[in-house]
Amino acid sequence: MATIVHAGLQFIREDKYFEWTKPLVTNWHFLTPNKEKQNLSWKSTGHFCFIRKGVIEALGGIDSKFSSIDAILAELTYRCMVSGGRVLYLPLANISASGSNSLTCDEDEFRFIQRHLGRNSLFFLWIYFILNLQPIAFVKLLKWRWVERTDSKPYERRKVFGYTENYLEPKNHERTYSAIIPTIDRYDYLDKAIHSLINNPCPPQEIIIVDQTPIERRQPDFYREYDSRVRVFFLDEAGQCTSRNLAIKEAQSEWLLLFEDDAEAWEDMIVEHFKLLENSFADASTGMSLAPWKNKSYIPARIAFYHNADVLATGNCMVSKSSLLYVNGLHLAYNRGSGADDDLGRRLYLNGKEIVFNPYAIMTHHKAPSGGMRVHGAWWRNKTGLTKGFPPATELYTIRHYYPKKYHWIKVIISYLNTSQRTSSIYVFLSFILFPYKYSKSSKEYLIISKKGNLK
């Protein structure tokens, strides 16, 4: 059972519906899935919208400051989704409308951005208006911001009905699964990862290790101590996507645990993954990772409940093999760079697959200082070395692949400003001076990786 059911996608004009949010976000929830198929988009309208009893009250009521019924319902539906409700779009052929919805009220969009994306996003929107020579929109935002300056408090999430409370009958899953662990030169950590799964109360049917350690440092004898459940494949050419895609194809179970080589599963991690999957329509349960010195109290309250995910962690995710094969696995453009898990989540979302964030399925992540993706110079999404391309070629691929050209530069600028929050002022200054060189280098790398396709 869904919390909200609507038919909005089939009536909206994509170029007008929440037009000003698109330059500001990389969250896949703001993309538009296939309108011909059932999916989990929040983009509702007033043509048809079913809301479960008690939901409006649980969310704190309707925001009457929005001027149109479509904006009111869309904001409510988005608020429901991020608060743990299951929002479902259904294409209904027997509903007709005189015209497509455009939601042209700029003030409603400004209010939505302030409520849900924060005041910094309004600053980025001003930059976007300047870049795209839109003085009228710039003045509208300036005027609206002056009038609304006393009502600038962002929306605070209120947990609605628990995600598994939305279902009438649980699914019957056999608790069998294959664990997939790609690894590069991390044998000390890998042993802990394997044992945390083998000794788990719910152990895997098999653990597939894809070892990409350079031949001169490879340790084939390392695996002799394990039983036949540990299957090992060696790859001479390292790649996070090729390694996982190989394991996905070789896996014998329908449910796959994507796991890290420098992590340890908590005792109840697997049970918590299946608890969600058995009581929902989820295709993937994406879990939580904590540093060795952290406990559950470090999980922020705003995400500490089941909800439709806007992230997918390939280091702690229980996902169906059929879903991964449906989208042809991980995209090879991200084989040696950051963003592979985000791209996988986007493609699953756009194809109607249900990814639920599970804060109860927890692993300890040791974050090994060497090996793994470190060998490719990949650390986090929007940071690279001083002499390397920026934004990283894989991030540039995401921007150019998923968004219209008119949004590209503002997303690059936002990426740069986000980087400045994680690095020293000297690095930020030098990166700014070197930006033309760094962007040119990234563009050349983008041309190379954009030619790579998915494994079939």
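**D227 and its partner**

I looked up D227 to begin. At 36% relative accessibility, D227 is partly exposed. I then asked which residue D227 forms a salt bridge with. The partner is R229, and the closest N and O atoms are 2.9 Å apart. R229 has a relative accessibility of 28%, so R229 also counts as partly exposed. I note here that I am working on a predicted model.

**Other salt bridges**

I searched the whole structure for salt bridges and got 17. One of them joins the side chains of R218 and D236, at 3.2 Å from N to O. Why does this pair tie together separate parts of the chain? R218 sits in the loop between strand 5 (206-211) and strand 6 (230-234), while D236 sits in the loop between strand 6 and helix 7 (240-250), so the bridge links parts that are 18 residues apart in sequence.

I checked the cover on each side of that bridge. R218 has a relative accessible area of 17%, which is under the 20% cut-off, so R218 is buried. D236 comes out at 60%, over the 50% cut-off, so D236 is exposed.

Next I took R346 and D342. Their side chains meet in a salt bridge, 2.7 Å from N to O. Where do R346 and D342 lie? Both are in helix 10 (residues 340-350), and they are four residues apart, about one turn of the helix. Are R346 and D342 buried or exposed? R346 is buried, and D342 is buried too.

**Backbone entries**

I went through the backbone next. Most residues other than glycine have a negative phi, and most peptide bonds are trans. I logged the exceptions below with that in mind.

The peptide bond from F390 to P391 is cis, and its omega is near -10°. I placed P391 in the loop between strand 12 (355-365) and helix 11 (393-402).

K367 is in the loop between strand 12 and helix 11. K367 is not a glycine, yet its phi is positive, at about 50°. Its relative accessible area is 56%, so I marked K367 as exposed.

N328 is another non-glycine residue with a positive phi, near 65°. N328 belongs to the loop between helix 9 (321-326) and helix 10. With a relative accessible area of 28%, N328 is partly exposed.

**A nonpolar patch**

I turned to the surface. Which residues form the nonpolar patch? They are I426, F429, L430, F432, I433, L434 and Y437. Together they have about 720 Å² of accessible area.

F432 is in helix 13. Its relative accessible area is 56%, and F432 is therefore exposed.

**Helix pairs**

Two packed helices are described by the angle between their axes and the distance between the axes. I recorded both values for two pairs.

Helix 4 (residues 119-131) packs with helix 12 (residues 408-420) at an angle of about 140°. The axes of helix 4 and helix 12 are 10 Å apart. Why is this pair oblique rather than roughly antiparallel? Roughly antiparallel needs an angle over 145 degrees. Helix 4 and helix 12 are therefore oblique to each other. I noted their crossing as right-handed.

The crossing of helix 2 and helix 3 is right-handed.

**E14 and T32**

My last stop was E14. E14 lies in the loop between strand 1 (4-6) and strand 2 (49-51). Its relative accessible area is 30%, so I marked E14 as partly exposed. What separates the C-alpha atoms of E14 and T32? The distance is 8.2 Å, for residues that are 18 apart along the chain.

Definitions and conventions. Residues are numbered from 1 along each chain as its sequence is written. This is a predicted model: local features need pLDDT of at least 70, side-chain atom pairs count only at pLDDT 80 or more; totals for chains, interfaces and linings use all residues. Side-chain values use heavy atoms; hydrogens and water are left out. Patches are made of residues with over 30% relative accessible area and no salt bridge: like charges are joined within 9 Å, nonpolar side chains (Val, Leu, Ile, Met, Phe, Trp, Tyr) within 5 Å. Accessible areas come from the Shrake-Rupley method with a 1.4 Å probe; for residues, only the protein chains shown count as cover. A salt bridge is a side-chain nitrogen of Lys or Arg within 4 Å of a carboxyl oxygen of Asp or Glu. Helices (H or I, at least four residues) and strands (E, at least two) are DSSP runs, numbered from the N terminus. Buried means under 20% relative accessible area, exposed over 50%, partly exposed in between (1.4 Å probe, protein chains only). Axes are lines fitted to C-alpha atoms, for helices over the stretch in contact, and angles run from 0 to 180 degrees between N-to-C directions. Angles under 35 degrees count as roughly parallel, over 145 as roughly antiparallel, 65 to 115 as roughly perpendicular and the rest as oblique. A crossing is left-handed if the near helix is turned anticlockwise from the far one by less than a right angle, and right-handed if clockwise.
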